[in-house]
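Hi,

Here is the structure I promised to pass on. Have a look at it first, and then read on for what turned up.

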Amino acid sequence: MNDKNLELREVYIKAALQHQKGNLEVAENLYKKILEKLPDHINSQCNLGGLYAQMGKTEKAMPLLQNVLQIEPNNVNANSNLGVVFTKLIEYQKAINCHKKVLQIEPNNADAYNNLGINYKQLGETDLAKSYLYKAIEINPNHANAYNNLGTLLKSLGEHEKAISALKKALEIEPNFFKAQANLANTYLDQQK
């Protein structure tokens, strides 16, 4: 391995770590640095697309992820991230197609089941949403996001006790999960009415 490739590999590892820590601007700059030198670096394109999806920059995420999928149609991360982009664009059926593609590749992908639950909830198909969220939790009993999403779904259905239980479980797994804290407080308030 030459020095240039070793240096870029180190930059990629730093970018991925910063991304994981939530330092999105730092990660963005590092991914861009890699792509300046290696424009076809699939992992950097995919991760930068996912980062843009997180940041709500769908217009930047879409071409990167679509490019990855032209080269690697079965890339799980690109399909998943593109599903997130479509969700943000309120194109739920396209998002569902992406997440179902993930499940064709990885049938036990808890995140894909969670994302399907979110999309079906948005489409008003609450029974289907509930079944996908329960499947995410069955696969990964420590999936705080799935418990949070299940809690908000159950609250919307008027099932306050079950919603509270799910939200408490999300907080048991991830005590500093702000969304779950807020959803739990709102559920208690809604229950008081």
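Which residue with a positive phi follows H7? In this predicted model, that residue is Gly124, and its phi is near 85°.

At its start, a side-chain oxygen of Asn109 comes to within 3.1 Å of the backbone nitrogen of Asp111. The buried residues of H7 are Ala110, Ala112, Tyr113, Asn114, Asn115, Leu116, Gly117, Asn119 and Tyr120. Their cover includes helices H5 (76–88), H6 (92–105), H8 (126–139) and H9 (144–156).

Is His143 buried or exposed? His143 counts as buried because its relative accessibility is 6%, and the cut-off for buried is under 20%. Its side chain makes a polar contact with the side chain of Asp111, at 2.7 Å. Leaving aside residues up to four places away in sequence, His143 touches Ala110, Asp111, Asn114 and Ile173.

In soluble globular proteins, nonpolar side chains tend to be buried together. Here the largest nonpolar core has 29 residues, and Leu116, Tyr120, Leu150 and Phe177 are those with the most contacts inside it. Two or more residues of this core come from each of H6, H7, H8, H9, H10 (160–173) and H11 (178–192). Apart from this core lies another, of 28 residues, with Ile42, Leu64, Leu69 and Val85 among them. As for Phe177, it touches Ala144, Asn145, Asn148, Ala170 and Leu171, again not counting residues up to four places away in sequence.

One helix pair is also worth a look on your screen. The axes of H3 (residues 42–55) and H4 (residues 58–71) come within 8 Å and cross at roughly 150°, and the crossing is left-handed. On the H3 side, the contact is made by Ile42, Gln45, Cys46, Leu48, Gly49, Gly50, Tyr52 and Ala53. H4 brings Thr58, Lys60, Ala61, Leu64, Leu65, Asn67, Val68 and Ile71 to it. Two of these names, Ile42 and Leu64, are also among the residues of the 28-residue core.

Best wishes

How values were computed. Residues are numbered from 1 along each chain as its sequence is written. This is a predicted model: local features need pLDDT of at least 70, side-chain atom pairs count only at pLDDT 80 or more; totals for chains, interfaces and linings use all residues. Side-chain values use heavy atoms; hydrogens and water are left out. Buried means under 20% relative accessible area, exposed over 50%, partly exposed in between (1.4 Å probe, protein chains only). Helices (H or I, at least four residues) and strands (E, at least two) are DSSP runs, numbered from the N terminus. Contact means heavy atoms within 4.5 Å. A polar contact is a pair of N or O atoms within 3.5 Å; within protein, one must be able to donate a hydrogen and the other to accept it, and residues adjacent in sequence count only if both atoms are side-chain atoms. A nonpolar core is a set of buried Ala, Val, Leu, Ile, Met, Phe, Trp, Tyr and Cys residues joined through side-chain atoms within 4.5 Å. Axes are lines fitted to C-alpha atoms, for helices over the stretch in contact, and angles run from 0 to 180 degrees between N-to-C directions. A crossing is left-handed if the near helix is turned anticlockwise from the far one by less than a right angle, and right-handed if clockwise.
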